[in-house]
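Please look over the sequence and the structure shown here before reading on.

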Amino acid sequence: MSINITFSGFQELEAELNRLNSVRFDAVVKKQTTELLNRARAAGGTPVDTGEMRDRTRADPNNGEMGYTTEYAPHVEYGHRTQNGGYVQGQRFLQRNMDAQRPIYKQDLINAIRKERA
């Protein structure tokens, strides 16, 4: 099981850049995927107990996908119930990484569109 989250809210920018130059669009997506993977692997980017989750981060820059391949990653991200009926809050590590990357992605799309139109 893995967790994958996608950027949303940039459909118009993505479509315009893709229309102008799909090679540039692909380059922006690859850059974001790689930066997100690096952010997840950096100190503080992923919760560390044994280090397994950080070690099992995976990205496919060609598809713009990044995620965790440990079966318990969704439980750490979103929270889970305990055997005694309690609840452990999710740590939202992937969401925090996405939130940090989102403005960079938007600006990279805008910059690439500007370059293409110049």
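In this predicted model, P74 lies in helix 4, which covers residues 73-78. P74 is buried, because its relative accessible area is 14% and the cut-off for buried is under 20%. Although P74 and G9 are 65 residues apart in sequence, their C-alpha atoms are 23 Å apart in space.

**A residue in helix 1**
- L17 belongs to helix 1, which runs over residues 11-20, and this residue is buried, with a relative accessible area of 0%.
- Leaving aside residues up to four places away in sequence, L17 touches S22, R24, F25, V28, L109, A112 and I113.

**How helix 2 and helix 5 pack**
- Two packed helices are described by the angle between their axes together with the distance between those axes.
- Helix 2 (residues 22-41) packs with helix 5 (residues 93-117) at an angle of about 160°, and their axes are 10 Å apart.
- Helix 2 is therefore roughly antiparallel to helix 5, since angles over 145 degrees count as roughly antiparallel.
- The crossing in which helix 2 passes helix 5 is right-handed.

**Which residues meet between the two helices**
- On the side of helix 2, the residues in contact include F25, V28, L36 and R39, while those of helix 5 include M98, I104, L109 and A112.
- Sorted by class, this contact of helix 2 with helix 5 has eleven nonpolar, three polar and seven charged residues.

Key
Residues are numbered from 1 along each chain as its sequence is written. This is a predicted model: local features need pLDDT of at least 70, side-chain atom pairs count only at pLDDT 80 or more; totals for chains, interfaces and linings use all residues. Side-chain values use heavy atoms; hydrogens and water are left out. Axes are lines fitted to C-alpha atoms, for helices over the stretch in contact, and angles run from 0 to 180 degrees between N-to-C directions. Helices (H or I, at least four residues) and strands (E, at least two) are DSSP runs, numbered from the N terminus. Angles under 35 degrees count as roughly parallel, over 145 as roughly antiparallel, 65 to 115 as roughly perpendicular and the rest as oblique. A crossing is left-handed if the near helix is turned anticlockwise from the far one by less than a right angle, and right-handed if clockwise. Contact means heavy atoms within 4.5 Å. Ala, Val, Leu, Ile, Met, Phe, Trp, Tyr, Cys and Pro count as nonpolar, Asp, Glu, Lys and Arg as charged, and the others, Gly among them, as polar. Buried means under 20% relative accessible area, exposed over 50%, partly exposed in between (1.4 Å probe, protein chains only).
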